[in-house]
Amino acid sequence: MIYSIKQEFFKLYHKKMFWLAPIIMLVLMIFTGYAIGSDEARLTAVMCYDATDWITFILIVIGATSFSMEYQNNAILTLLYKASNKIYVYLSKYLVLLVYDIFLHLVAVGYTIVLKGFLFKSNISWTSINYYHQPLWVNTLQATLLDLAVSMLIITIIFLLSCLINSNAVVMTTSLLVVLLGESISSDIMSKPKLVSVLKWNPFNMLNLSRQYGNYATYHLTTHLSNVELLMGTLIYIAVFFVIGYWIFRKKRF
Amino acid sequence: MKNSQEVLELDNVCTYIGRTEIVKDASFQIKAGDIIGLIGPNGAGKTTVMKTILGLTKFTGKITMSGAAITENNHHALEKVGALIEHPAIYPFLTGEQNLELYSHHHQDMVKIISELGMDSYIKSKAKGYSLGMKQKLGIAIALLNNPKLVILDEPMNGLDIEATIGVRKLIKKYADRGTAFLISSHILSELQKVMTRVLLISGGKIILNQSIGQFEAISHQKYKLTTENDEQAEHLFKTKGINFKKQKQYLIVGQEDIFKIQDELAKKKLHLKEMLPIEANFEQIVVDTLNKERD
């Protein structure tokens, strides 16, 4: 297992995207900071200048190629026979992407501190009381942790799709559609009031977790779930999609 | 350092893709230092046999590597196996050296293989710019890393130039002399013939022959060409007595297995042999004949 993880880190570390992603993210965060301006200083700080969205896009690009590069380079056979069990191949890829996800979120928090302190100065301090009667720094950390859970769900969906579809372009497009249209798909699903109590647990709804944390009043009307319920749903769907993804991977012929 | 230590054993192995049986009841052993040539027509099941050994397919029966069982979900026994299946497993965004580092446990071992395969000049450049032959050599290098006990090579000479082919052939022999066993499939039979010590012939998923190369060439399939004082009469005689023969120019070509019967029958008919000479074994023809015989 450790051998498989080391291999995955080695490959990720040598990809250009690994090093470019934090730079691209910084540029986009600065752009967001200027675009939104100082009116929403609290929200931009909590949401790390929208870094959460940029991280999602980066993860989709890297995650979608994670399996397809193995198929395209015929490396999947070598990976599979070198690993003592098939699950190690799947799990190591997932863990490495998760670690990279955590790394990007930490970088985003770091950038936020620097940008707020030097580029987008405001009167709002990190210790000032903000959402949920908590200091701003607590809000930022909680929002980051919740976004980490949502991005894990997205990684799980990308892996599931990668096991069903060999083309990284299709996986990438489908994942982007899920992320971009998830909210409206979820709203459409819940259009029948009688079934809302059940349909509010649809997986697309869970993608609203971090957005709802930063804007509860608006998003709760759409999701019909509390933050805690959304988090529970997200974690359950991570487990379910992970198991289904691995089952498909195990059954796949190489 | 050749010895008779058993490296791999397949015992009544059947491989399935879906419900279709691809490999049928395969049983054979590979010993340390063996170079096994796995030969068969397209679709005979060569690659499937290799994938099955690597635990990549669903199978019944038993596969053991140095006594330890290999299953679809337990590959611990494959730690000392290197393989090149179908195409070399190479990441184009890594250099050749990094591709090797990915699998190598010992740096010195890696440096030695790079030098042995003559890859020093391009090993530090990105693999995306490699030619087919360069990729193939890198794939072979990956298979030879970490002192494997068994190396499985599927069409290893694909894309290699003459110099590289000779180099790879020498390297295979060198590793085999140290005790590494090889299972090699190739369509270039003449190349395979130069290195292999045993022949495994597969047809329709069944292992139809498992012999040492010496036995295969010299005993089973030696052909003779002969002429008699009356070939027309001899032909008629062979037909009536069920002796297989082929007419080629002025000669009648017959198998070694019929020689005593031919001499006996000709003597009974008082037909004198004018000439009878052994034909140098053409390996490719022998393989084709054996496969045809099996089909009949």
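Predicted model: local features only at pLDDT ≥ 70, side-chain atom pairs only at ≥ 80, totals over all residues.
Residues are numbered from 1 along each chain as its sequence is written, and chains are lettered from A, with ligands numbered from 1, in the order in which they are written.

For the complex, the predictor gives an ipTM of 0.83 and a pTM of 0.81. The mean for chain B is 88, and 95% of its residues reach 70 or more.

Chain A contains 13 helices and zero strands; helices (H or I, at least four residues) and strands (E, at least two) are DSSP runs numbered from the N terminus. The radius of gyration of chain A, taken over C-alpha atoms, is 19 Å, close to the 18 Å that the globule rule gives for 254 residues, so chain A is as compact as a globular protein of that length. That rule is 2.2 Å times the number of residues to the power 0.38. Along its principal axes, the C-alpha trace of chain A spans about 60 × 50 × 30 Å. Among the elements of chain A, mean pLDDT is lowest in helix H3 (residues 41-46), at 79, and highest in helix H13 (residues 227-251), at 94.

Over all chains, the whole structure holds 14 salt bridges, each a side-chain nitrogen of Lys or Arg within 4 Å of a carboxyl oxygen of Asp or Glu. One of them joins A:Glu70 to A:Lys11, with the closest N and O atoms 2.7 Å apart. A:Glu70 lies in helix H4 of chain A and A:Lys11 in helix H1 of chain A, so the pair ties together parts that are 59 residues apart in sequence.

The contact between the chains (heavy atoms within 4.5 Å) takes 24 residues from chain A and 29 residues from chain B. Together the two chains bury about 2,400 Å², 56% of it on carbon and sulfur atoms; buried area is the accessible area (1.4 Å probe) that two parts lose on being put together, summed over both. Across this interface there is one salt bridge, in which the side chains of A:Lys86 and B:Glu72 meet at 3.8 Å, N to O. The elements giving two or more residues to the side of chain A that touches chain B are helices H1 (2-13), H4 (51-72) and H5 (76-82) of chain A. H5(A) gives the most, with six residues.

Notes:
Heavy atoms only, no water. pLDDT = per-residue confidence, 0-100.
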